[in-house]
Amino acid sequence: MSDGGSKNYSLTGKRVWINGYRGMVGQALVRQLETIDCEILRTTSEELDLRRQADAEDWMNEKKPEAVFLCAATVGGILANNTRPAEFLYDNLAIEANVIHGAWRTGVEKLLYLGTGCMYPREAPQPIPEDCLLTGPLEPTNEWYAVAKIAGLKMCQAYRRQYGCDFITALPTNLYGPGDNFDPKDSHVIPALILKAHAAKADGAKAMEVWGSGTPLREFLYVDDAAKVLVFLMQAYSEEAHINVGLGKELSIREVAETIVRVVGFEGELVFDTKKPDGMPRKLLDASRLSKLGQSSATGLEDGLNRTYAWFLENKA
Ligand code: GFB
């Protein structure tokens, strides 16, 4: 793989653009970048619709960001992915195309594009190594999102090859934490179950519903740990090949649900609705490339869930 850029790119003194900054990852990146002496430029989709090419390029021409964290995206959990395929495909393709192309046009020095574990084939070997991308069919519940996200990764590689742009892709595992989307239909499993457990406890309910069989395995990375790694990679990683951001540890959805009800204090029963999809049976990223760079994560699941629930109580309950 080619290596056209700098492995020693300091963010100090730079104009750093975080798009989608009201999202969970955007907020965590802001927390992380506040420890560095740089100028943080932030936009939300309400202020700047990145699906519109002219708007995206005008903004970039005017503000001249030097480093870009491309985290703006239409995202959601298994049901949202499964029921809104057009939005997941179109929005993400348009956002990536406009930001990556605009970054080249306006001379952005470094860009980090955020991928996702669901870009890998459904039957990928576990833990999933970076080089098994595009080696098999995708998980059907999220193939629209995955196809769009793979296109963004390929754009970063193509712009590096053809124009020498220092654009990299980091591929985080399932993330959770403060600032997550707590919505019963659209959210990922952790915020959805926190919301359900909180409501069930408040209502004095005897049982709480969990989608699927409870057997799928997932790994969960606390968003501030992820943001720390992303800021590190922006400054120290410059390869055409993408890099996994994971923990190398997984647990079943049943175990996650049991931990959540313990944290929230709901004492009723868990009822598994097997009519709802399970999605990928297993999705454990091989994080050895990241570990070789000396990066690991510190926050245990129960600790991270306690912090997430505290944030929920303060902001959403
Ligand atoms: O987090 P989640 O929606 O996404 O679901 P994926 C993970 C697992 O939790 C699935 C189960 O097996 C769900 O059936 N689950 C149990 C629940 N109860 C619930 C619930 O109340 N809400 C939700 N949402 N799930 C997503 C992809 O896959 O992963 C996205 O669809 C994205 O594209 C994301 O890549 C990281 O892990 O299955």
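Mentor: Start at the ligand: one of its oxygen atoms lies 2.7 Å from a polar side-chain atom of Arg218, a polar contact (a pair of N or O atoms within 3.5 Å). This is a predicted model, where local features need pLDDT of at least 70, side-chain atom pairs count only at pLDDT 80 or more, and totals for chains, interfaces and linings use all residues. Residues are numbered from 1 along each chain as its sequence is written, and side-chain values use heavy atoms, leaving out hydrogens and water.

Trainee: How far is the polar side-chain atom of Lys283 from an oxygen atom of the ligand?
Mentor: That distance is 3.0 Å. Taken alone, the ligand exposes 700 Å², and the protein buries 97% of that (Shrake-Rupley method, 1.4 Å probe).

Trainee: Which helix gives the most to the shell around the ligand?
Mentor: α6 does, with four residues; helices here are DSSP runs of H or I, at least four residues, strands are E runs of at least two, and both are numbered from the N terminus.

Trainee: New topic. Which residues of α2 are buried?
Mentor: Ala56, Glu57, Trp59 and Met60, where buried means under 20% relative accessible area (1.4 Å probe, protein chains only).

Trainee: Why are they on the same side of α2?
Mentor: Because they cover an arc of only 160° around the axis, taken from the directions from the helix axis to the C-beta atoms.

Trainee: And what do they pack against?
Mentor: The buried residues of α2 pack against β1, β2 and α4, with contact meaning heavy atoms within 4.5 Å.

Terms used
Buried < 20%, exposed > 50% of the residue type's maximum accessible area, 1.4 Å probe, protein only. Polar contact = N/O pair within 3.5 Å; in protein donor to acceptor, adjacent residues only side chain to side chain.
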